Amino acid sequence: MRFTSTRALADIESAQAITQGISADGGLFVPKAFPALTDDLIDRLCDMDYQGRAFEILRLYLTDFTDEEIRDSVAAAYTGKFEHEQPAPLHPLRDGVFMLELWHGPTCAFKDMALQLLPQLLTRSAKKVADGKTMVILVATSGDTGKAALDGFADVPDTNIIVFYPQDGVSPMQKLQMTTQAGNNVAVCAIKGNFDDAQTGVKQIFADPAMHKLLDEHNMEFSSANSINFGRLVPQIVYYVSVYCDLLKNGTLQKGEGFNIVVPTGNFGNILAGFYAKQMGIPIRRFICASNQNNVLTDFIQTGVYDRNRAFYTTTSPSMDILISSNLERLLFHLYDGDTSAVSGLMQQLAETGKYEISDLARQRLQELFFGGFCNDDQTAATIRKLFNNDGYLCDTHTAVAAKVFEDYQTQTGDLTPAVIVSTASPYKFAKSVLTAIDDGVRPQTEFEMTDRLAAVTKTAVPAALGDLKSRPVLHTACCDKTQMAAFIRQSLGL
Ligand SMILES: *Cc1c(COP(=O)(O)O)cnc(C)c1O
């Protein structure tokens, strides 16, 4: 498969796209065409386990990798790393509604699905196109990406990983997960700002020729583990194909019958992977895009106007506290039939005015497929409580946002198409909010007392990876101004 940038025509292989992360013109790499899943292949996929399905999907995109490279990458990513042998279990919620649980990996959020595999793909890609160089992975995180990337890249040879997170914008558990990360190639820094500041800072450093020159002189090269990297997206396509196979196998769907997906959305990576699965032939009918109070995507889907000039809210679903959804640029590219100058124009307007409006045709296409909705923190808490009491299902705040927006969608449309709600984090990562939602007792003080109490009240188990944190020393305490990110990078790389 060949790849182009969303902002100017390019023609590169997947190894190049994954190594580079982002195009020099500031655009994102997208496949030039989508491989089609034949009926025969889907039949075969249905008989495979998750790793087999992942292998078959990846090889359609990574045509410059050998089968052996792909098979080894998949095995390294998913063998023994997840709580169950099947990394993405489907939990029936009620008739025709399922929770796709993507958080049984080492850091208890769905980012593991991609970030256990990305280091495998990236190191093999770098060997192909930048042999002998040390890759410097820059990450801006709203909480979950940071830890998942640290876990995936820690002590991976020929890589360094540097993570920036908003000082006051992550949950205590998320912060502890990052600040206790061991590894001889890791650096973690809080910034005085929000996630968008962190993401903008990282993008500026990527686009800074002087920094590139400096790294080059030391035989290093930047790459990205954020969902702007195609190597993050392709593993996410797999679970949308896989869930279709599971729905065929459990009798919910007959071949070709459609289903809806509901995705708690921030940077638009997860839901975009679903859109890519649809382009390959998976019959996803509607994409229900769920936001929290930072509802820039809801407005965009409803009006065709993207406007980030608005208040930024810190919510109980911090991984979705985002006003600039990077991967939306990829969707625009497809809505505009690959018109790179149209996409560049919109992105320029976004950079200059914080706002753009898409064409009538693009808006019609968007609205045919996507439904946007949002809810506030009170509604999120009420939904956690309701799901627990009525359905016996304990979910985290992000997943609750999706469940609430799905409820609103069904009320508004009466659409009873089978649906998959993407469950993106363990409730224990957001123990305070979850406990407050379901337990009226006096709330304990510390994070670990809260997780223990949550376990007692709900008769579920604290994931081992989170319980362990209690005994880990804090190793990373740096905090810098958002203008000082480049200096932190130079310092941690010893440049
Ligand atoms: C990252 C994240 C999201 C948002 O996913 P995007 O791909 O950025 O849209 C939702 N929920 C959780 C728990 C996350 O970690």
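This section describes the nonpolar cores, the strand pairing and the ligand surroundings of a predicted model.

The largest nonpolar core comprises 108 residues. Within this core, I237, F259, Y356 and F370 have the most contacts. Helix α11, which spans residues 230-249, gives the most to the core, contributing 13 residues.

Strand pairing was examined next. An open sheet is formed by 3 strands, arranged in the order β2-β1-β3 with antiparallel pairing. Strands β2 (12-13) and β3 (29-31) lie at the edges of the sheet, and each of them pairs on one side only. Strand β1, covering residues 2-5, is joined to β3 by 3 bridges in the antiparallel sense. In this pairing, F3 has P31 of β3 as its bridge partner.

Several polar backbone atoms face oxygen atoms of the ligand: a polar backbone atom of N267 is found 2.7 Å from a ligand oxygen, and a polar backbone atom of N270 is 2.9 Å from an oxygen atom of the ligand. For G269, a backbone N or O atom is located 3.2 Å from a ligand oxygen. The ligand taken alone exposes 380 Å², of which the protein buries 98%.

Note on methods. Residues are numbered from 1 along each chain as its sequence is written. This is a predicted model: local features need pLDDT of at least 70, side-chain atom pairs count only at pLDDT 80 or more; totals for chains, interfaces and linings use all residues. Side-chain values use heavy atoms; hydrogens and water are left out. A nonpolar core is a set of buried Ala, Val, Leu, Ile, Met, Phe, Trp, Tyr and Cys residues joined through side-chain atoms within 4.5 Å. Buried means under 20% relative accessible area, exposed over 50%, partly exposed in between (1.4 Å probe, protein chains only). Helices (H or I, at least four residues) and strands (E, at least two) are DSSP runs, numbered from the N terminus. Two strands pair if DSSP finds at least two bridges between them. A polar contact is a pair of N or O atoms within 3.5 Å; within protein, one must be able to donate a hydrogen and the other to accept it, and residues adjacent in sequence count only if both atoms are side-chain atoms. Accessible areas come from the Shrake-Rupley method with a 1.4 Å probe; for residues, only the protein chains shown count as cover.
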